[in-house]
Amino acid sequence: MRLSVRADPLEAGAWLRTGSSTVALALNLVPFAGIAFLWFIGVLRDRLGEFEDRFFATVFLGSGLLFLAMLFASAAVAGGVIIAYGARPEGLLESAIFTFARAVTYEIMNLYAVKMAAVFIISLSTLSIRTGFIARWIALLGYAFALILLLSGRYIEWILLVFPLWVLLISIYILIDDFRRPSQAATTSPEFNSRR
């Protein structure tokens with residue numbers, strides 16, 4: 001999407017002529033990204049288990065859900081622009097509605113969603129330092145990423161990639177950690193307990 005649409009709320013809409021099919025494809029992938037993100041939140045809450053701090057867990061869950069809602073809202077507005085352009089391309093680009101929809105999409109994604117992503121990272125990093133369920137260096141890196149997101153949301157065009165890269169890092173860490181641990185079935189079997 002970033003390759004097709006310039007990060008400028010006042011952009012004239014040239015991407016609708018040249019890259020609307022690429023953007024439409026990206027928008028069709030957003031629900032799957034949302035499902036994967038919800039799954040990610042569920043995995044993290046499962047790993048926290050009884051160590052979950054209610055205050056930080058509430059902020060963690062709330063900010064994650066708000067980020068997801070903003071992602072879906074901005075995708076829906078962008079999708080609406082593409083549909084409106086397909087129905088009546090001649091008048092849309094000069095209309096105030098296009099300017100408004102483009103600005104709303106830009107503000108939701110580049111300002112509000114980025115701030116919620118930063119709050120999500122801060123709360124998860126704090127939970128991981130308190131409970132130790134993720135490596136400390138990942139939590140400290142998370143604080144640095146959150147600070148970057150909080151201070152530079154709309155000024156650096158590719159800043160949105162910081163959040164998915166951090167989520168990918170945690171996902172890889174969890175996968176590696178799960179492969180290192182003995183399986184739950186093996187640790188609860190009578191043979192395993194008799195060997196201990």
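Mentor: Happy to! Two residues are in contact when they have heavy atoms within 4.5 Å. The model is a predicted one, in which local features need pLDDT of at least 70 and side-chain atom pairs count only at pLDDT 80 or more, while totals for chains, interfaces and linings use all residues. Numbering starts from 1 along each chain as its sequence is written, and side-chain values use heavy atoms, leaving out hydrogens and water.

Let's start from Leu-44. Leaving aside residues up to four places away in sequence, Leu-44 touches Phe-60, Leu-124, Phe-133, Ile-134, Ile-170 and Ile-174. Leu-44 also belongs to the largest nonpolar core, which has 41 residues (buried Ala, Val, Leu, Ile, Met, Phe, Trp, Tyr and Cys joined through side-chain atoms within 4.5 Å; buried is under 20% relative accessible area with a 1.4 Å probe, protein chains only). Along with Leu-44, the residues with the most contacts inside this core are Phe-37, Leu-149, Phe-163 and Ile-170. At least two core residues come from each of helix 2 (20-48), helix 3 (54-87), helix 5 (96-131), helix 6 (136-152) and helix 7 (162-180). Helices here are DSSP runs of H or I, at least four residues long, numbered from the N terminus. Helix 5 gives the most to the core, with 11 residues. A second, separate core has 6 residues, among them Val-81, Tyr-85, Leu-92 and Phe-98.

Now zoom in on helix 6. Its buried residues are Ile-138, Ala-139, Gly-142, Ala-146, Leu-149 and Ser-152, and helix 5 and helix 7 are among what covers them. The axes of helix 6 and helix 7 (lines fitted to C-alpha atoms over the stretch in contact, with angles from 0 to 180 degrees between N-to-C directions) come within 10 Å and cross at roughly 170°. The two helices are therefore roughly antiparallel, a label for angles over 145 degrees. On the helix 6 side, the contact is made by Trp-137, Ile-138, Leu-141, Gly-142, Phe-145 and Leu-149; helix 7 answers with Val-162, Phe-163, Trp-166, Leu-169, Ile-170 and Tyr-173. These residues divide into 11 nonpolar, 1 polar and no charged.

To place this in the whole chain: there are 9 helices and 0 strands, and buried residues make up 40% of the 196 residues. Among contacts with a separation of 6 or more, 77% join residues 24 or more positions apart.

Note on methods
Buried means under 20% relative accessible area, exposed over 50%, partly exposed in between (1.4 Å probe, protein chains only). Angles under 35 degrees count as roughly parallel, over 145 as roughly antiparallel, 65 to 115 as roughly perpendicular and the rest as oblique. Ala, Val, Leu, Ile, Met, Phe, Trp, Tyr, Cys and Pro count as nonpolar, Asp, Glu, Lys and Arg as charged, and the others, Gly among them, as polar.
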